[in-house]
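Thanks, everyone. Let me put the model up, and then we will go through a few local features.

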Amino acid sequence: MATMADVARSAGVSVATVSHVLNGTRPVLPHTRQAVLDAVEELGYTTNTLARSLVTARTRSIGLAVSAISNPYFTEILQGVEASALEHGYSLLIADPHDDPEHERKVVQLLHERRVDGMIVAPSADPRGLLAYLGRHDVPAVFLDRLVDAPDGGRRFDQVCADNAEPTSRLVTHLAGLGHRRIGLVAGRPGLSTTNERITGYRTGLAFGGLPYDERLLAHGDSESAGAEQATAALLSLAVPPTALVTGNNAMTIGALRALRAHGLSVPGDIALCCFDDFAWADLFAPRLTAIAQPSRDIGAQAVRVLLERLAEPDRPARTVRLPCAFVHRTSCGCPEDSGQSVRFEQSEQPEQSAQSERGTVA
């Protein structure tokens, strides 16, 4: 098996230069770097990761704790994390906390015991155990998709997510502009920041549309298909049911569609439908689904970049990065095929937990 010394002799450089090229620890002249890489290829040299970790106290691995990996949204986030980690020379260890606070703390501890350099976590609705563990062990971490308010005096973490309020408001005002006066919301799991922000956007959209907020038109689908099916059925059983629905994520959209079919209702003929989360087959439904598209892969990739910046500068202030969403106008809202427009929402980056809204611009 080739050694680093063999690579150095073949490339005509020192062992230290080979180390700098392979580990990215110091700039190397382009022709020298290429000579080293050519020698690595020719000799079939592979890095001894275990030995390097013993010397550097780094394993060049990242822990990812994300629930519902089967959900297309999180699957795409995972792809973004994996691609970015690989690009930067990091491997990935994945665990599913199942949105259970106690299991969440256990899997984070397990990842930590595997000596990952840092973690990317989509927190549960009750992240107190998670925060306590990460803070107690000073684990570099980035929260993904769901924001967490740090306790008074507690450690604050970097966070990466999409905006939720402004795009949800856009869906509601669009439906109000089409003449709907009773717009229901199938919201996600209580306690999640995504759920809270989308409810805020729903209420803002109602206000912009000149409509009163009626708590009876808001039902929680717990971010799952089965829960959304029950929540939609409850909304349809009201004495005066909604004429339009907004669903809080892609899984709940499926559940809502099941409930509408069970009640013999057509979309958009009997009821209009808009959803938060676009997904690959949304354009294949009849009618085609009007949706908010989140930049899933970009969220994952950005989380890796923020984590690596944290590893490089441990003392830098915590920040929250929000990536832009897009309003994808199709026909489930009741609009004809040729009337659509796409609206993209601007990216923002704020210190800590700031909840500044982004403005939409017509693309």
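One definition before anything else: buried means under 20% relative accessible area, exposed means over 50%, and partly exposed is in between. Keep in mind that this is a predicted model.

Start with Asp-222. Its relative accessible area is 33%, so Asp-222 is partly exposed. It sits in the loop between strand 7 (218–220) and helix 10 (225–236). Now look at its backbone. Asp-222 is not a glycine, yet its phi is positive, about 55°. Most residues other than glycine have a negative phi.

Asp-138 is another case. Its phi is near 55°, again a positive value in a residue other than glycine. Asp-138 belongs to the loop between helix 7 and strand 4. Buried or exposed, this Asp-138? Exposed, because its relative accessible area is 57%.

Step back into helix 7, residues 128–136, and find Leu-134. Leu-134 has 0% relative accessibility, so it counts as buried. What does Leu-134 touch, beyond its neighbours within four places in sequence? The contacts are Val-108, Met-119, Val-139, Ala-141, Phe-143, Arg-155 and Phe-157. Take Phe-157 from that list. Leu-134 and Phe-157 are 23 residues apart in sequence, with 9.6 Å between their C-alpha atoms.

Next, a charged side chain. Arg-146 is in the loop between strand 4 (141–144) and strand 5 (158–162). At 7% relative accessibility, Arg-146 falls under the 20% cut-off, so it is buried. Where does its side chain go? Leaving out residues up to four places away in sequence, Arg-146 touches Phe-74, Asp-99, Ala-122, Pro-123, Ser-124, Gln-159, Leu-192, Ser-193 and Thr-194.

On to helix 8, residues 165–177. Its 13 residues should span 18 Å at 1.5 Å a residue, and the end C-alpha atoms are 18 Å apart, so the two agree. How many of its 13 residues are buried? The count is 10, so helix 8 is mostly covered, taking under 20% as buried. Among the buried ones are Ala-165, Pro-167, Arg-170, Leu-171 and His-174. Just past the end of helix 8, Gly-179 takes a positive phi of about 105°.

Now its partner, helix 9, residues 193–208. The two axes come within 7 Å and cross at roughly 40°. That makes helix 8 oblique to helix 9. The crossing is right-handed. Which residues meet there? From helix 8 they are Ala-165, Thr-168, Ser-169, Val-172 and Thr-173. From helix 9 they are Glu-197, Arg-198, Gly-201, Tyr-202, Thr-204, Gly-205, Leu-206 and Phe-208. When you read the numbering, recall that an α-helix has 3.6 residues a turn, so residues three or four places apart point the same way.

Last stop: a peptide bond. Most peptide bonds are trans. The one joining Val-267 and Pro-268 is cis, with omega about 0°. Pro-268 is in the loop between helix 11 (250–262) and strand 9 (272–276).

That is the tour. Questions, please.

Note on methods
Residues numbered from 1 in each chain as written. Predicted model: local features only at pLDDT ≥ 70, side-chain atom pairs only at ≥ 80, totals over all residues. Heavy atoms only, no water. Helix = DSSP H or I, 4+ residues; strand = E, 2+ residues; numbered from the N terminus. Expected span 1.5 Å × (residues − 1). Buried < 20%, exposed > 50% of the residue type's maximum accessible area, 1.4 Å probe, protein only. Contact = heavy atoms within 4.5 Å. Axes fitted to C-alpha atoms, helices over the stretch in contact; angles between N-to-C directions. Parallel < 35°, antiparallel > 145°, perpendicular 65-115°, else oblique. Left-handed = near helix turned anticlockwise from the far one by under 90°.
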